[in-house]
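Subject: Structure handover

Hi,

Here is the structure I promised to pass on. Please open it next to this email and follow along.

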Amino acid sequence: MATKHKGRAIGIDLGTTYSCVAAWEEQNGRAEIIVNDQGNRTTPSFVAFTDQRLIGDAAKNQAASNPSNTIFDAKRLIGRKYKDPAIECDLKLWPFKVVSGADDKPMIKVNYKGKEKCLAAEEISSMILSKMKEIAEAYLDFSLKNAVITVPAYFNDSQRKATKDAGVIAGLNVMRIINEPTAAALAYGLQKRANCSEKRNVFIFDLGGGTFDVSLVTIEDGVFEVKATAGDTHLGGEDFDNRMVRHFVQEFKRKNRVDISGDPRALRRLRNGCEKAKRILSHANDTTIEIDALFQGIDFRFSITRARFEDLNRDLFEKCMEISQNCLDDAKMEKREVHDVVLVGGSSRIPKVQSLLEKFFQRYNLCKSINPDEAVAYGAAIQAAMLSESYSIVPNMVLVDVTPLSLGIATHGDLMGVVIPRNTAIPVKMDGVFQTIEDHQPTASFPVYEGERTKAGENNLLGLFHLSGLPRVPRGHPMNVIFELDYDGILKVCAVDETTGNKNGITITNEKGRLSSAEIKRMIEEAAFFKEEDKKFKKMVKAKNALDDYIYRMEKAMKGFDVSSKLSPSEKETIMSKFRKGKRMLESEEHNEAAVFENYLKRLQKMCQPIVINKVRDYSDEDTD
Amino acid sequence: FNWRHGSEKAYEFSTESESSCSGSVPDRLALGLNSSGPLKLEDVKNAYRACALKWHPDRHQGSSKAIAEEKFKRCSAAYQSLCDKLVMD
């Protein structure tokens, strides 16, 4: 990619529970959050399958009536293995079915139009991304291709690449994958520090729906330098909801001696209630969750206090503070050196989280003045504008991000030999010298890992390559290994035997578990199929409405005496029976082709043609009276 | 290949990266600093920020992008090694 990207660009915050899209507005010198078709500034990251496909608000609204086909939390699955211990617990809680596919890739089973379909997490995410794209296109009034998508800073290589794949399936040109807290820092810099010239050490605390990230960013002279980042890719609002759900399932069992944990519909309704209660508890001290006839006709009515909620999640909140401390340690910065603590993500509104953070930093002025739900998309839009050539007025800023996880090679005894330590500024090129451990060793293999564990096998394997043709020399023969990481997170590793000049290496792009280009192609076709089906469905609804409308109007007109005088009773009866047949057609589920309804409408129109001219006039006269 | 010998992880790890003590002057020059004389941490940081604004690949397009990327990598490495050194002193 030698040139800047042509065409306007958007920033998308693809969240676990909610997503948000923003675009740079040149004339105002700021980014604009784009509202969706429901008038909401964030869109639920939900996709549902019925006789049609629903995305966003529409999908979430029907979740309780269709729990097994309403997919959410795809971000928790993306780029992970089915056996990943992090999702083991989720698998039990999700009302939809997840099975293990090829290469232990988790596949989501849905029922679409009566047929079973297996979808990868990338496909679900791509549907959400294409929805966000549509929202932006409707608002901006032109078609878009370029986007910057955000991911949690602590996402690993496979999760990032899977997110990028999702963008490709959605028909987007993903200009860059950037870290959520870094994006928030950009938003903060632009909104709060117009010139960004004075030095500020900013601590970004991003507790979202599914993930938790912290970053320490130094802003000076328009340079945003990420000093350190830390996080947990499985800690967020959803986990707090889960704790509440578990608590209430037990309470309900204790009180009514029934177990609702096997009923997905009841669990979904309870979960929705808990999410609402959690939000209320951020400003009230207690609240009551009431759900009529939750299970076997028994009403659910329990109250919960803020203290109880905090108690249920105490360990999770404390974990956030631990991670914050790790981040400061990595940045080699004292708490008092931090100028601003910026809260991002919906869950950062929880009073307990704020008070713990205040205690942690020994200060009472957390920065709450940027919108925690929108800051990430806002920042992504700024970065998108900076990477696109279509904007002439963009902020004079530059972002220097870091790699969140150490990169290295497994050495003798499965030890992790780190070449690029975590929190190194990217792009970067670093090298390390490795030695053979056997006499006359002809070949050396280089398994490339990512992660913080000392035991390489416990880290994430990115790829493997060999260097052969080593000279017949005793052990201890040196080989130089060069790691190159570009700003897109693409890693090139190459090993050189300095004595012979032999060289071999890999570009890590397509490791196991990632979608192959053939699969991506198939998914793009599938996405087009879904889009076509959505269009068909829309067309059918439109045709149905048109027919319904016509029958209604004509029936009303037939009742007018003027028409009766022009038609014989038998003629009238024929027409009326045709109308009845039309109504039956509309009510039955048998037909789902728009053409059936359109043709019937045409037939009716033809039949009524001789009398229609008068009638319509009469009808409209009536109307204007 | 002789796979018996070419087994996995058949080597040892010795040094983490290039020794930084050799490259103080080139590091200084990479950041546009004086090649000798006293050096303050603040100067190094300022120089690095100036380099970032000038050479970060995001701020370049066309053929200069690749050159900028190389330059920026060099600046980052120099910045890292100079900072490490100044902190240790």
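Below is what was found, taken one topic at a time.

This is a predicted model: local features need pLDDT of at least 70, side-chain atom pairs count only at pLDDT 80 or more, and totals for chains, interfaces and linings use all residues. Residues are numbered from 1 along each chain as its sequence is written, chains are lettered from A and ligands numbered from 1 in the order in which they are written, and side-chain values use heavy atoms, leaving out hydrogens and water.

Two helices in chain A

Helices (H or I, at least four residues) and strands (E, at least two) are DSSP runs, numbered from the N terminus. Look at α7 (residues 237-256) and α10 (residues 314-331) of chain A. Their axes come within 10 Å and cross at roughly 160 degrees. Axes here are lines fitted to C-alpha atoms, for helices over the stretch in contact, and angles run from 0 to 180 degrees between N-to-C directions. The crossing therefore makes α7(A) roughly antiparallel to α10(A) (angles over 145 degrees count as such).

Which residues meet? A:Asp239, A:Phe240 and A:Arg243 in α7(A) meet A:Asp315, A:Leu316 and A:Phe317 in α10(A). Contact means heavy atoms within 4.5 Å. The residues of this contact divide into 3 nonpolar, no polar and 3 charged. Ala, Val, Leu, Ile, Met, Phe, Trp, Tyr, Cys and Pro count as nonpolar, Asp, Glu, Lys and Arg as charged, and the others, Gly among them, as polar.

A sheet in chain A

An open sheet of 5 strands runs β18-β13-β14-β15-β19 in chain A, with mixed pairing. Its edge strands are β18 (340-344) and β19 (398-400), and each pairs on one side only. Two strands pair if DSSP finds at least two bridges between them. β15 (residues 223-232) and β19(A) pair in the parallel sense over 3 bridges. A:Glu225 stands opposite A:Val400 in β19(A).

Backbone details

A cis peptide bond joins A:Ile426 and A:Pro427, with omega about 0 degrees. A:Pro427 lies in the loop between β23 (424-425) and β24 (428-436) of chain A.

A:Arg257 is not a glycine, yet has a positive phi of about 55 degrees. A:Arg257 sits in the loop between α7 and α8 (264-280) of chain A.

Chain B

Chain B has 3 helices and 1 strand. Along the sequence the pattern is β-α-α-α. Buried residues make up 36% of its 89 residues (buried means under 20% relative accessible area, with a 1.4 Å probe and protein chains only).

Best wishes

Definitions and conventions
Angles under 35 degrees count as roughly parallel, over 145 as roughly antiparallel, 65 to 115 as roughly perpendicular and the rest as oblique. Buried means under 20% relative accessible area, exposed over 50%, partly exposed in between (1.4 Å probe, protein chains only).
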